[in-house]
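Me: I would like a close look at one part of the structure below. Please take that part as the starting point and then go on to the rest.

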Amino acid sequence: MQIDNVAAIVTGAASGLGNATAAALAAKGARVFGLDVDITTAPQIDGVTYIEADVTNEGQVRTAIAHAAEQGPLRVAVNCAGIGTPTRILGKDGVHDLALYAKIVEVNLIGTFTVLAIAAEAIASTEPLDHAQRGVVVNTASVAAFEGQIGQAAYSSAKGGVVGLTLPAARDLAQFGIRVNTIAPGIVETPMLATLSEKVRESLATGVPFPKRLARPSDYADLVAFIIDHDYLNGETVRMDGALRLAPR
């Protein structure tokens, strides 16, 4: 499916994976609408319109997607919004904060589903293209969905849910010509990772079999563009991790 001259929703677009993806899609001719809870520091990018929206707020998501669809045709939705706070189930302060667990699942999994479902409703109303295709949704999981580390119970639960959602969502939406795929990144150089020392980042890169570097947000954005273009890729979770398999800690 061509990216040029379509509308696209990207969540978590103010920074990291979402920002790189918004920029890449805009560079390919898409009219991109970047959603984030805080857009005050989002870099200005030609072709990207930022909308302040929380993926856990159905009303805000509906308003943002309706706006994008008006500029349509809306054919692409990319879910990059996510949070993660390392916490052990039993730690020195006691049991894992249950509200924190629920919040991480709410943002990473329920927020992903909310955007997927509401965007699919809008995409389904567009004119079909070749082979009756109308659009594609790309979700973001993590290698932690498969090899969650100590302290990642909540994050791994949510990202594992995104992986589990992928195939049934693709099957549900097939009748509307909408594909659904997921990317499971390894260790990516995002603003969150930038808070670590250079020595720690070098150590993390050394643990990647090949290439021996951390992934870049642009690597993720390139893969999103490939998935959009490749119309026979559907219901799949693609690991983007340099053959990394996470150790327990």
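Which residues does T126 touch, not counting residues up to four places away in sequence?

Reply: T126 touches P73, L74, R75 and R134, not counting residues up to four places away in sequence; contact means heavy atoms within 4.5 Å. Before going further, the basis: this is a predicted model, in which local features need pLDDT of at least 70 and side-chain atom pairs count only at pLDDT 80 or more, while totals for chains, interfaces and linings use all residues. Residues are numbered from 1 along each chain as its sequence is written, and side-chain values use heavy atoms, with hydrogens and water left out.

T126 is found in the loop between α3 and β7 (135–140). Helices (H or I, at least four residues) and strands (E, at least two) are DSSP runs, numbered from the N terminus. T126 counts as buried because its relative accessible area is 11%; buried means under 20% relative accessible area, exposed over 50%, and partly exposed in between, with a 1.4 Å probe and protein chains only. The side chain of T126 also makes a polar contact with the side chain of R75, at 3.1 Å. A polar contact is a pair of N or O atoms within 3.5 Å; within protein, one must be able to donate a hydrogen and the other to accept it, and residues adjacent in sequence count only if both atoms are side-chain atoms.

P73, one of the residues that T126 touches, lies in the loop between α2 and β4 (74–78). A cis peptide bond joins G72 and P73, with omega about 5°. A cis bond is also found from F210 to P211, where omega is near -5°. P211 lies in the loop between α5 (198–206) and α6 (217–229). As background, most residues other than glycine have a negative phi, and most peptide bonds are trans.

Phi is positive at two residues that are not glycine: N5, at about 65°, and A243, at about 70°. N5 is found in the segment before β1 (7–11), and A243 lies in the segment after β9 (237–240). N5 has a relative accessibility of 47% and therefore counts as partly exposed. A243 is partly exposed as well, with a relative accessible area of 47%.

Next come the helices α2 and α3. Two packed helices are described by the angle between their axes and the distance between the axes. The axes of α2 (residues 58–70) and α3 (residues 98–123) come within 10 Å and cross at roughly 35°. Axes here are lines fitted to C-alpha atoms, for helices over the stretch in contact, and angles run from 0 to 180 degrees between N-to-C directions. α2 passes α3 in a right-handed crossing; a crossing is right-handed if the near helix is turned clockwise from the far one by less than a right angle, and left-handed if anticlockwise. On α2 the contact is made by E58, V61, R62, I65 and A69, and on α3 by T114, V115, I118, A119, E121 and A122. These residues divide into seven nonpolar, one polar and three charged. Ala, Val, Leu, Ile, Met, Phe, Trp, Tyr, Cys and Pro count as nonpolar, Asp, Glu, Lys and Arg as charged, and the others, Gly among them, as polar.

K103 also has its place in helix α3. K103 touches T56 and I83, not counting residues up to four places away in sequence. At 35% relative accessibility, K103 counts as partly exposed. K103 and A122 are 19 residues apart in sequence and 27 Å apart in space, C-alpha to C-alpha.

In helix α1 (residues 16–27), ten of the twelve residues are buried, so α1 is largely enclosed by the rest of the structure. Among the buried ones are G16, L17, A22, L25 and A26. The end C-alpha atoms of α1 are 17 Å apart, which agrees with the 16 Å that its twelve residues should span at 1.5 Å a residue; the expected span is 1.5 Å times one less than the number of residues. Just after α1, G29 takes a positive phi of about 100°.

V32 is found in strand β2 (residues 31–36) and is buried, with a relative accessible area of 1%. Its contacts, not counting residues up to four places away in sequence, include A22, L25 and A26 as well as G47. The C-alpha atoms of V32 and G47, 15 residues apart along the chain, are separated by 6.1 Å.
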